[in-house]
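Please look over the model below. The report that follows takes you through a few of its residues and its ligand.

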Amino acid sequence: MPGEIVFYHNPMSRGRIAHWMLEEVGQPYRTVILDLTKGEHKAQDYLRINALGKVPAIVHEDTVVTETAAICAYLADAFPAAGLAPSTHDPQRGTYFRWLFFGAGCLEPAISDKLLQRPEVERKSVLGYGSYEDTVDALADALAPGPWILGETFSAADVYVGSQIMYAMRFGAPGLKERAAFTNYAERLSARPAYIRANETDDKRLG
Ligand SMILES: N[C@@H](CCC(=O)N[C@@H](CS)C(=O)NCC(=O)O)C(=O)O
C-alpha cells in the first residue's frame, strides 16, 4: 500500500514501540519529533491528531492512528508483505488478537499499577487484569513454547507485548527477570535488527 506515513514521536515514550514496528515493516516514513518538555504534544495542530495530546501517533494517507497497539496492528495489516500478522482466514489470527489485546487491556495496566505502587484494590474481579501475578503467569505460559507468542511466527503482537515486558523488566517489575520464559524472550526480541536500528536511532536522539 503506497502513501506517506508520518510518525509523531518522542524517543522517551511509547513511541519507541511504534518506531520498532515501523522498522519491522520496512516502508519509508517521516518522523516528527515532538518535544514534550516544550509542550509540543499539546499544541492545537497536534491535538487535532490526538485529542489526548499523547505520543505516538501515525498518519498514513488520510488515516490517523493513535494507541500504540492499534498502530502496530494497523501497520501489520496495511503492509501484509512484511508478514507481521496472520491473514484474515488464518486460525492464528484469533491468537494474535488475543495477545495483542491482552497486552493493551491487561498487561499494560497491570505493569503500570505495579510500578506506580498503586494501592491494591479489594475487588480485584472488577479489574480487567484481575491481579498482576495472574497476568504475568498467563503470559509466561503463553510464551513458554516459544520462540514467539504465536510459536514459530514473529508478529506485531511480539513487538507490542515484548516491549511491555522489556520495559517492565528494565524498571524492576517483580516476577519477570527470574523467569526464563521472559528473559529468553527478551533476548530474542532485542536481537532483532529492526529493534536494534530503532533503538540506536532513539538513543542517539537522546544524546
Ligand atoms: N494509550 C496510549 C498512551 C500514550 C502515552 O501515554 N504516551 C505518553 C508517553 S509514553 C505521553 O504522550 N505522555 C505525555 C502526556 O500525556 O502529556 C498508547 O498506548 O499509545
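## A residue in a loop

Where is Gln 117 found? Gln 117 is in the loop between H4 and H5. Helices (H or I, at least four residues) and strands (E, at least two) are DSSP runs, numbered from the N terminus. Gln 117 is exposed, with a relative accessible area of 70%. Here buried means under 20% relative accessible area, exposed over 50%, and partly exposed in between (1.4 Å probe, protein chains only). Gln 117 is not a glycine, yet its phi is positive, about 50°.

## How to read the model

This is a predicted model: local features need pLDDT of at least 70, side-chain atom pairs count only at pLDDT 80 or more, and totals for chains, interfaces and linings use all residues. Residues are numbered from 1 along each chain as its sequence is written, and side-chain values use heavy atoms, with hydrogens and water left out.

## The ligand site

Several residues surround the ligand, including Ser 13, His 41, Lys 42 and Thr 68. Each has a heavy atom within 4 Å of the ligand. A polar side-chain atom of Arg 14 lies 3.0 Å from a ligand oxygen atom. For Lys 54, a polar side-chain atom lies 2.8 Å from a ligand oxygen atom. Val 55 uses its backbone: an N or O atom there lies 2.8 Å from a ligand nitrogen atom. Such polar contacts are pairs of N or O atoms within 3.5 Å. Alone, the ligand exposes 510 Å², and the protein buries 76% of that (Shrake-Rupley method, 1.4 Å probe).

Val 55 and Pro 56 are joined by a cis peptide bond, with omega near 5°. Pro 56 lies in the loop between helix H2 (44–47) and strand S3 (57–60). Glu 67 also belongs to the ligand's surroundings. Its phi is positive, about 75°, although Glu 67 is not a glycine. Glu 67 is partly exposed, at 48% relative accessible area. Most residues other than glycine have a negative phi, and most peptide bonds are trans.

Which residues does Asp 113 touch, not counting residues up to four places away in sequence? They are Arg 118 and Tyr 129. Contact means heavy atoms within 4.5 Å. Asp 113 sits in helix H4 (residues 92–115). Asp 113 counts as buried because its relative accessible area is 17%.

Glu 23 belongs to helix H1 (residues 15–25). Glu 23 is buried too, at 18% relative accessibility. Beyond four places in sequence, Glu 23 touches Tyr 29, Ala 194, Arg 197 and Ala 198.

Note on methods
A polar contact is a pair of N or O atoms within 3.5 Å; within protein, one must be able to donate a hydrogen and the other to accept it, and residues adjacent in sequence count only if both atoms are side-chain atoms.
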